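Keep the model open while you read.

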Amino acid sequence: MSNAKRLAGEKAIEFVEDGMVVGVGTGSTVAFFIDALAGLRHRIGGAVSSSEQSTERLRRHGIEVLDLNSAGPLALYVDGADECDPAKCLIKGGGAALTREKIIAQASEKFVCIIDQGKRVAVLGHFPLPIEVIPMARSLVAREIVAQTRGQPVWREGVVTDNGNWVLDIHGLAITDPVAMETVLNQIPGVVSVGLFARRPADVVIVGGDIIQIM
Ligand code: 5RP
């Protein structure tokens, strides 16, 4: 598994061009990408990071971390996922970084998603769908989720996001219409972000393992 993640992370380097400011996601697969990106640190314009965890790793490698507001639109975003369907719609947020990940994905022209084979699914939802919520709205959002979906929200107790918020994981979903599900959940007051990347899916998916495949 970790070899597959390493292969995927290293393959994504092929999308990095000289002078680029690179959007960087979060997670163990992205860690391999960051390590490979270090070899290009003198050729890129820096990185925009989706989490404190990735920022720390980028800086340790001497890669400059820029603020998205000053970097502006990005040419490339590289990030992992928890699940990926055939339309390149994703479940993300297993590492609780979904909100900043979603912001950077939206700001980027090309979103390259790096995964291992086990993340590919026909229908999203076996992996519990993360939702970042404002703490005071946790119970309200959970009740609304029960009323509006067939899912069961579970509070990821003890986890506080980089934005100071909490995470609910929705179990038991079979997401046959990811865009509709994302749209419905986005409307619940107190929801900061939905870990469903369907309105802005990946553009390219790199699947690690013995064979690297670009779908
Ligand atoms: C973090 C994420 C990650 O991309 C996702 O959890 C995959 O992580 P990993 O590469 O460690 O399997 O969405 O919020």
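## Charges over rings

The charged end of Lys92 sits over the ring of Phe197, 5.7 Å from its centre. Arg138 does likewise with Trp155: its charged end lies over that ring, 3.9 Å from the centre. A charge sits over a ring if NZ of Lys or CZ of Arg is within 6 Å of the ring centre and within 35 degrees of the ring normal.

This is a predicted model: local features need pLDDT of at least 70, side-chain atom pairs count only at pLDDT 80 or more, and totals for chains, interfaces and linings use all residues. Residues are numbered from 1 along each chain as its sequence is written, and side-chain values use heavy atoms, with hydrogens and water left out.

## Aromatic pairs

Rings of Phe, Tyr and Trp (its six-membered ring) pair if their centres lie within 6.5 Å; planes under 30 degrees apart count as stacked, over 60 as edge-to-face and the rest as tilted. By this rule there are 3 aromatic pairs. One of them is Tyr77 with Phe111, tilted, at 5.1 Å centre to centre and 45° between the planes. Tyr77 belongs to strand E3 (residues 74-79) and Phe111 to strand E6 (residues 108-115), so the pair ties together parts 34 residues apart in sequence. Helices (H or I, at least four residues) and strands (E, at least two) are DSSP runs, numbered from the N terminus.

Both Tyr77 and Phe111 are buried. Buried means under 20% relative accessible area, exposed over 50%, partly exposed in between (1.4 Å probe, protein chains only). Ring pairs link Tyr77, Phe111 and Phe197 into a cluster.

## Helix H3

Helix H3 (residues 52-60) has Ser54, Thr55 and Leu58 as its buried residues. They cover an arc of only 105° around the axis, which puts them on the same side of H3. The arc is that of the directions from the helix axis to the C-beta atoms. The face turned away carries the exposed residues Gln53 and Arg60.

The buried residues of H3 pack against strand E1 (21-24), helix H2 (28-37) and strand E2 (46-49). Contact here means heavy atoms within 4.5 Å. Just after H3, Gly62 takes a positive phi of about 80°.

## The open sheet

An open, antiparallel sheet is formed by 4 strands in the order E8-E9-E7-E10. Strands E8 (152-155) and E10 (191-194) stand at the edges, each with a single partner strand, so one side of each is left without a neighbour in the sheet. Two strands pair if DSSP finds at least two bridges between them. E8 and strand E9 (residues 166-171) are joined by 4 bridges and run antiparallel. Gln152 stands opposite His171 in E9.
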